Amino acid sequence: MSKTIAVNAGSSTLKFKLFDMPSEDVVAEGTIERIGEKMGHAKIKYGNDQKHEEDKPFADHAAAVNYLLDKLIELKIVASYDEITAVGHRIVAGGEFFKDSTIIDDDVISKIDELSEYAPLHEPAELVGIKAFRKVLPHAFAVAVFDTSFHVDMPEMNALYSVPYDWYKKYGARKYGAHGTSHRYVSTRAAEMLGKPIEELKLITMHIGAGASITAVKNGKSFDTSMGFTPVAGITMATRSGDVDPSLIAFMQGKLNLSSDEMIDILNHKSGLLGISGISPDMRDILAAAEKGDDRAQLALDIYVNRIVRYIGAYIAEMGGADAIVFTAGVGENSVPVRKMITDKLGYFGIKIDQEKNNCHGVERDLSADDAKIKTLLIPTNEELMIVRDIERLKKNN
Ligand SMILES: Nc1ncnc2c1ncn2[C@@H]1O[C@H](COP(=O)(O)OP(=O)(O)O)[C@@H](O)[C@H]1O
Ligand SMILES: CC(=O)OP(=O)(O)O
Ligand SMILES: [Mg+2]
C-alpha cells in the first residue's frame with residue numbers, strides 16, 4: 001500500500017494529513033499552530049489513537065516543515081520516507097496561470113515563485129514546503145493545488161475592480177480570491193447534506209480561520225468572494241485588515257513615513273483582531289478578554305462580526321437569495337459564540353439557528369432552527385482530502 005501526504009501551509013499554521021491510498025484512510029494527521037508567535041504548539045495524531053503534543057516555538061514555516069519531517073520518522077509514522085509515493089501542496093496564489101491543480105516540476109516552482117507577490121504571506125512559506133519535501137522525496141509524484149483555481153472563472157463583473165481596464169490586461173490586476181479548495185469542498189458537502197444538485201443551489205460559504213474569506217457559490221461555481229488581488233482584502237482577520245479605503249493607506253504612509261512594503265506588512269501582520277484589540281490575533285483570546293470587559297477586545301469582536309454580516313447581506317442580494325450559509329475553518333468550526341453572534345444579526349433574512357444544535361464544534365451538522373428560511377450548516381473543511389483526490393485525478397490523466 002502506498003501513502004500520500006497533503007501539506008497545507010496557512011498563514012499561521014502548517015497542517016498535514018497522511019493517507020493510505022487508494023482507501024483514503026487517514027493514518028496520521030497534525031497541526032503546528034501559532035507559527036511566528038512567541039510560543040507555538042504541535043499536535044500529531046497517529047497509529048492506534050497515539051498522540052504527540054508539545055509547546056515549542058516555531059520561528060517560521062521552515063522550522064515547522066523540518067519538525068514535521070523529523071517527526072514522521074521519530075514517531076515511526078513511516079519507517080522511511082520512501083513509503084510516501086505522492087505529495088500534494090496547498091498553494092494560495094495561482095494567478096490566471098494555474099486554472100487547475102498541476103504536477104510540480106522546475107518550471108512550476110519558478111512560476112509559483114513569480115506569483116509570490118500575489119500572496120506574500122503564504123507563497124514563500126509554501127515554496128519552502130515544496131522544496132523540503134522534494135529533497136527527501138525526490139521521486140514522489142508531487143502536485144500543487146491552488147486556492148485561486150476555484151475562483152478563476154468568476155464573472156468579470158465581480159472579478160474586476162473599477163480601475164483602468166488595461167491594468168487587468170497588462171498586469172493581471174483582478175480579484176483572485178483564496179481558500180478555493182475549502183469553499184469547493186464545503187459547498188459540495190452542503191449540496192449533499194441538502195440533498196439537492198449543487199447546480200441548483202445558491203450557497204454562501206464562510207471560511208473563517210486566521211485567514212478568512214466568504215464566497216457566494218452560485219450553481220456550484222464561485223460567483224463572488226471577499227478576498228481580492230491578495231488575501232489581505234475582505235473581512236477582518238486575525239492579523240489582516242480586510243477592506244480599507246486606499247486613500248487612508250496613502251494618508252497614513254505620509255503621516256508615519258512608511259514605504260509601501262512597510263504599509264503592506266502592517267495591513268497583513270499588525271491589523272485585524274490584533275490591531276484593533278492590541279491583545280492577540282487569536283479569537284479565543286479576544287473572546288476571553290471581551291468576556292472580562294475589555295472594551296477594545298469587544299470592539300474587535302463587533303467589527304469582525306459586522307464585516308461578515310455585511311458580506312452575507314451583499315451576497316444574498318447579488319445572488320438574489322440563498323439556500324444555505326456554511327460555517328467552516330478554525331473560528332467557524334469551533335466557536336459557538338461567534339456563530340451565534342453572526343446568525344443573530346441575520347434574522348431579517350430568515351436565518352435562524354437552534355442554540356442546542358449550535359452547541360458543538362468540529363462536527364458536520366445542520367444548525368438551522370425548524371422555521372429557518374435559509375439553512376445554516378456547520379461543515380469542517382477538508383482541504384487535504386481535496387488535495388489527495390486531485391492527485392489521484394492527475395495520476396490517472398498522466
Ligand atoms: N475554540 C475556538 N474558538 C474561537 N476561535 C478558535 C477556536 N479554535 C481555533 N480558533 C481560531 O482559529 C484560527 C485558526 O484557524 P485555521 O483555519 O486553523 O487557521 P489558518 O487560517 O492558519 O489555516 C485561530 O487563529 C483561532 O483564532
Ligand atoms: C489565503 C489564506 O488566508 O489562507 P490561511 O487562512 O490558511 O492563512
Ligand atoms: Mg487555512
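Trainee: Which helices do the buried residues of α10 pack against?

Mentor: In this predicted model, they pack against α9 (272-277), α11 (295-319), α12 and α13 (336-344).

Trainee: What makes that a contact?

Mentor: Two residues are in contact if their C-beta atoms, placed from the backbone, lie within 7 Å. The buried residues of α10 pack against α9, α11, α12 and α13.

Trainee: Which residues of α10 are buried?

Mentor: Met 283, Ile 286, Ala 289 and Ala 290.

Trainee: How do you know that they line one face of the helix?

Mentor: Look down the axis of α10. The buried residues fall within an arc of 125°, so they line one face.

Trainee: Which residues are exposed on the other side of α10?

Mentor: Arg 284 and Glu 291.

Trainee: What comes just after α10?

Mentor: Gly 293, with a positive phi of about 95°.

Trainee: Why is Phe 141 called partly exposed?

Mentor: Phe 141 has 19 C-beta neighbours inside 10 Å. Buried needs 20 or more, and exposed needs 12 or fewer. The count of 19 lies in between, so Phe 141 is partly exposed.

Trainee: Where does Phe 141 lie, and what does Phe 141 touch?

Mentor: Phe 141 lies in strand β8, residues 141-146. Leaving out residues up to four places away in sequence, Phe 141 touches Thr 85, Ala 86, Ile 391 and Lys 395.

Trainee: How far apart are Phe 141 and Ile 104?

Mentor: In sequence, 37 residues; in space, 8.2 Å from C-alpha to C-alpha.

Trainee: Now ligand 1. Why is ligand 1 said to lie between domain 1 and domain 2?

Mentor: Domain 1 (2-146) and domain 2 (194-383) both give residues to the shell, so ligand 1 lies between them.

Trainee: Which residues come nearest to ligand 1?

Mentor: Of the 16 residues around ligand 1, Gly 10, Gly 209, Met 283, Gly 330 and Asn 334 come nearest. Met 283 is also one of the buried residues of α10.

Trainee: Which helix gives the most to the shell?

Mentor: α12, with 4 residues. Both α10 (283-291) and α12 (329-334) supply at least two.

Trainee: How many residues of each class are in the shell?

Mentor: The shell has 9 polar, 5 nonpolar and 2 charged residues. Gly counts as polar here.

Trainee: What confidence does the predictor give?

Mentor: The protein chain has a mean pLDDT of 96, and 100% of its residues reach 70 or more. For the complex, ipTM is 0.97 and pTM is 0.94.

Notes:
Residues numbered from 1 in each chain as written. Chains lettered and ligands numbered in written order. Predicted model: local features only at pLDDT ≥ 70, side-chain atom pairs only at ≥ 80, totals over all residues. pLDDT = per-residue confidence, 0-100. Near = placed C-beta within 6 Å. Domains from an automatic or database assignment. Arc of directions from axis to C-beta.
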